[in-house]
Structure formats: structure tokens, C-alpha cells
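Please look over the model shown here.

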Amino acid sequence: MAEEAKAKGNAAFSAGDFNAAVSHFTDAIALSPINHVLYSNRSAAYASLNKYADALTDAKKTVELKPDWAKGYSRLGAAHVGLGDYAEAISAYKKGLEIDPNNDALKSGLADAQSAASRHRAAPPSPFGDAFSGPEMWTKLTADPMTRAYLQQPDFVNMMKEIQKNPNNLNLYLKDQRVMQALGVLLNVKLRTSTADDTEMPDSSPSPPPTQTERKRAAESEPPKEPEPEPEPMQLSEEAKEAKEAKEEGSGPE
């Protein structure tokens, strides 16, 4: 039964349906809770959904169940990179390479983590860092009626935890309107996205078109326009005339 659920999870993962993959791997784990491969697979599915906190939890469980399995450290490193914990990611990849020095995935992951760490050190800090720091963030989100409702949604809570851990992670979730609403609450500004219902209509209604009588009066009141002089025909030389006639004769059907 666990193998069947695992196979379904692998198929869903290959098809790019990561939510279904998580569901199937969860079913498999319920049937075989000490199978390290199942936690590893679910960690990969969570990472593909950008749910790095959940991916990290499963990666840690993978390493706990099978500490001598190099691939578990690859999952651990990937989750840490997603959360912006580059030092932890580098440590995880190096630990995996101690077990399997020739593992290409671990080598590639280590190089990417080191490169990301360098870019992170060079990048300016997020201007919103202070808004997400400390327990005050949760206090503000709880005080606002709308964001208080969001706190009942696990995926929103995980996103806020990831942003709190590394404010630069905010860039990963700018398309999520809940995060933008939370940012507005934390900055004490009202952020709203424009919708059809939000579009303001002009205060006054547009003027009706003029009636036929009004148009006639307006036309009569305008001074008559002098006819524009017609352009004089260009004088063609005899050579130009012959060339024009020859061209006209040659433009018809054969």
C-alpha cells in the first residue's frame, strides 16, 4: 500500500502536480512512517511549491532516519537555500559530500549555495526588514481583522516565517495578495489592488450629444470657409510624359 501511494506521488511529481504529490507521499508516510525515502520525496515536492519550511522539516526527518544517506543532505541543503540560510545549506552539502564525495547533485548544490551566499552578502538589506522583526510582527497581524483571519492558514504562516527569517524572501511572495495586505498592516499603510469594483467613476455624468437643431445653429454661426485652392498640375517634360505613358501601358495584365 505504501509503495502504491509512493508510485502515485512520483507520477504526480513528474507531471508537475506538486500538491497531489505531497498528498500521495503523506498517505505513504502514514502507512510507512520510518521510510526515509518518503520524507525525502515529500521534501522535494514541498520545495517545488516554495514551501521551504515544510521541506526543511521533512529533510531533517530524512537525515534523522538515514544519517548515512547522502541524498538526504541534498534535500536539507535545498531547503536551507530556499529559506535563505546559506551557511546552513553549505554545511549540509559538505556533510553529504563527506559521505559521497562524487555526488554531482551535492557538488552542484554546494556551488549554488556558495554563489547565493556571495550575492546575499553583496546585496543591500531589505528596506522592510524592520517590519518583519521580532514578535511585534505577529502582534500587528493578530490585531488587524483581515490578517488575523490569514493566520488561520498554514501556508500564509509559513510564508511569514520565511520572510521574518530572511526579509529578502519577500520577493518570492509579492504576487500573493495576503502577503501584500500583511505588508501594508506592518507598515501602517493601506495597500490595495485595483479591481473593476474599485474603479472610481467621474462625479458628473458626460454631457449629452448636441441635438440636430443645436448643430444647425452652430453651423450657421460659423463664418463660411473659403475654398482651398486646388494644387496646380505639375508641368511634365516631354521625356517625363513619355516615361509615364510607358509605365501605365506596362502595369496592366499580360
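The report starts with the basis of the model.

## Basis

This is a predicted model: local features need pLDDT of at least 70, side-chain atom pairs need pLDDT 80 or more, and totals for chains, interfaces and linings use all residues. Residues are numbered from 1 along each chain as its sequence is written, and side-chain values use heavy atoms, without hydrogens or water.

Residues 2–35 are 79% helix and 0% strand, with end C-alpha atoms 10 Å apart. Residues 70–103 are 79% helix and 0% strand, and their end C-alpha atoms lie 8 Å apart. Helices are DSSP runs (H or I, at least four residues); strands are E runs of at least two.

## Aromatic pairs

There are two aromatic pairs (ring centres within 6.5 Å; planes under 30 degrees apart are stacked, over 60 edge-to-face, the rest tilted). Phe13 and Phe18 form an edge-to-face pair, because their ring centres are 5.2 Å apart and their planes meet at 70°.

Phe13 is partly exposed at 31% relative accessible area. Phe18 is partly exposed at 22%. Buried means under 20%, exposed over 50%, and partly exposed in between (1.4 Å probe, protein chains only).

## Nonpolar cores

The largest nonpolar core has 33 residues. A core joins buried Ala, Val, Leu, Ile, Met, Phe, Trp, Tyr and Cys residues through side-chain atoms within 4.5 Å. Helices H2 (18–31) and H11 (177–187) are among those that each supply at least two of its residues.

Leu76 is one of the residues with the most contacts inside this core. Beyond four places in sequence, Leu76 touches Leu56, Ala59, Lys60, Val63 and Ala92 (contact: heavy atoms within 4.5 Å). A second, separate core of eleven residues includes Ala89, Leu106, Ala113 and Ala116.

Technical notes:
Phe/Tyr/Trp six-rings, centres within 6.5 Å; stacked < 30°, edge-to-face > 60°.
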